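Have the structure open beside you as you read.

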Amino acid sequence: MFLLFTTALLLEKSILVLALFTVTLGVAAYATLAERKVAAAMQDRVGPNRTGPFGLLQPIADGVKFFMKEDFMPNSAERWLYILAPGAFMFVACMTSAVIPWGTELTLFGRPVALQVADLNIGILYILGFTSLGVYGVMVGGWASNNKYSLYSAIRASAQMISYELAMGLALIAVVMLTGTLSLREMAEQQAGLNWNVWYQPLGFLIFFVCALAECNRAPFDMAECETELIGGYHTEYSSMKLGFFLFAEYINMFIACAVIAVVYFGGYNFPGLDPSWLGGLMGLVVMLAKTFFFIFVFMWIRWTLPRFRYDQLMQLGWKTLVPLAMVNMLLTGTFVLVFES
Amino acid sequence: MQSLTNRSKVVVNKEMSFGERLYLPAVFQGMWITLKHFVRALIKGPNTVRYPEEKRSFAPIWRGWHVLKRDEEGRERCTACGLCAVACPAEAITMVAAERQQGEEHLYREEKYAAVYEINMLRCIFCGLCEEACPKEAIFLTDRIVPADYVRQNFIFGKELLVEGIEPDKRIDVSKRQKHLTEKQAPPA
Ligand code: SF4
Ligand code: SF4
């Protein structure tokens, strides 16, 4: 009996992991296309339209291009770290998706199946931990290239990511105080219907959102890339699929960041009228994805609107504005919780 | 300095006000603008002309690849007077004149004709002054684009590339350009 149960669990989780991996990769691939289409529309252009209808095969063409290109490695590069960095970046990006609850529990073959790979009771900590690991990919990649621009960019990127992680963590603490849990599933369950955290934490959401942009290296905080000043930043020396990995992992990061925003602040798979049936469960999944995609769109929208921050402005915003604001937010939430729940 | 458009703004390096330091109003303003463009592009589609499938039509009086016209009987109109070469500001035109021999009346309308007539398309600025100078209505600019090439020598167009064919279907219609020129040269009413 126990054996049967374990096998079923293993099978279920493996399928889930595979599905999640495929979906993540697919979304990231098509996010690259969507990005170009959104950019095009915002600039009154057409965007890629040569590969298949509406350019739908563009991500495949890009992938093939990345594989066919010469895999160049600078002579003076730190060989192993240089090879390791893109892989590490990609790995970290993919790992984060494990704790995100994509939907309610469905009943499949008589047993409840949660649409979540791992319901860690410290889900939020896990995510914070892995996003801070993400900086290693950028840093190691930039440093191992042995190129001054890459090094500058790597230093900038690590400083930026570390600074913004602080405000991000502080913003999340307020949510944790409010919900009393670190598990993302419990958090999602608490936000049934329209009882979303964002109504209680508007400031916290804003801070988290800005920090998420910075963590994902997205404009207006794309200090790590800086095409205009640092000729591509930490991946200047990368080519072929190694470069592809870096670019791709950034899109995965964006997807995951948007999913986290949706779960933590916008009720995840909840919507008014969610019922525990099969159909309701699927609807929850669709709603969750819709919310995520909406935030991906907002990320792109911001990228194609705002110019990059200067480095000192970025640091100032992080340390002198967001961190104090997040602390005030934490204080207010604490008072609120104390007054209303006792 | 006097402003020409009234749209210029004087840049001042003043302290930003609190509202400006919040960034958010300006951010939302900017995002509103891009959103308007986005929605407009979604509904109406961008104004882009999708080139290989869709070609913009030329202006009827487009000034491109020259043609040396023949008259109704198929004789070359040019008499090698050189007025076009004189008028040409880019000095793109050169020619060698020759005398029409007995039995060549069906080829050349005048007694003198251009044995060699060359336009250097790399020098030409397609101003159309050669047309205006020509007393014989022999040279016209047409709506054909001079094709690109890798070799400079190939841009020197000789008579084989300039003179139109004798067959009726090889004639090149310049009536629009002709009309435009007459209107342009007509004394103001
Ligand atoms: S179009 Fe102008 S530049 Fe060209 S050949 Fe005629 S006169 Fe010269
Ligand atoms: S094209 Fe006209 S202007 Fe030029 S040489 Fe011939 S007749 Fe004279």
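Helix 9 (240–265) of chain A gives the largest share of the lining of the second largest pocket, seven residues. Helices here are DSSP runs of H or I with at least four residues, numbered from the N terminus. A pocket is found on a 1 Å grid over the protein atoms alone: an open set of points with protein on both sides within 12 Å along at least five of seven lines, and its lining residues have an atom within 4 Å of a point. This one holds about 690 Å³ of space, where a volume is the space filled by probe spheres set on grid points joined across faces, edges and corners. Of its 27 lining residues, T32(A), F66(A), L247(A), F248(A) and Y251(A) are the closest to the centre. By class, the lining has 13 nonpolar, four polar and ten charged residues; Ala, Val, Leu, Ile, Met, Phe, Trp, Tyr, Cys and Pro count as nonpolar, Asp, Glu, Lys and Arg as charged, and the others, Gly among them, as polar.

A quick word on ground rules: this is a predicted model, in which local features need pLDDT of at least 70 and side-chain atom pairs count only at pLDDT 80 or more, while totals for chains, interfaces and linings use all residues. Residues are numbered from 1 along each chain as its sequence is written, chains are lettered from A and ligands numbered from 1 in the order written, and side-chain values use heavy atoms, with hydrogens and water left out.

Now for the largest pocket, with about 1400 Å³ of space. Of the 41 residues that line this pocket, the closest to its centre are R21(B), L22(B), Y23(B), L24(B) and V27(B). Elements giving two or more residues to the lining include helix 10 (278–303) of chain A and helix 2 (24–44) of chain B. The lining divides into 30 nonpolar, four polar and seven charged residues.

The largest cavity has about 240 Å³ of space. Among the 19 residues lining the largest cavity, T131(A), E215(A), C216(A), N253(A) and A257(A) are the closest to its centre. Helix 4 of chain A supplies the largest share of that lining, five residues. The classes there are 14 nonpolar, four polar and one charged.

Note on methods
On a 1 Å grid over the protein atoms alone, a cavity is a set of points where a 1.4 Å probe fits but cannot get out, and a pocket is an open set with protein on both sides within 12 Å along at least five of seven lines; lining residues have an atom within 4 Å of a point.
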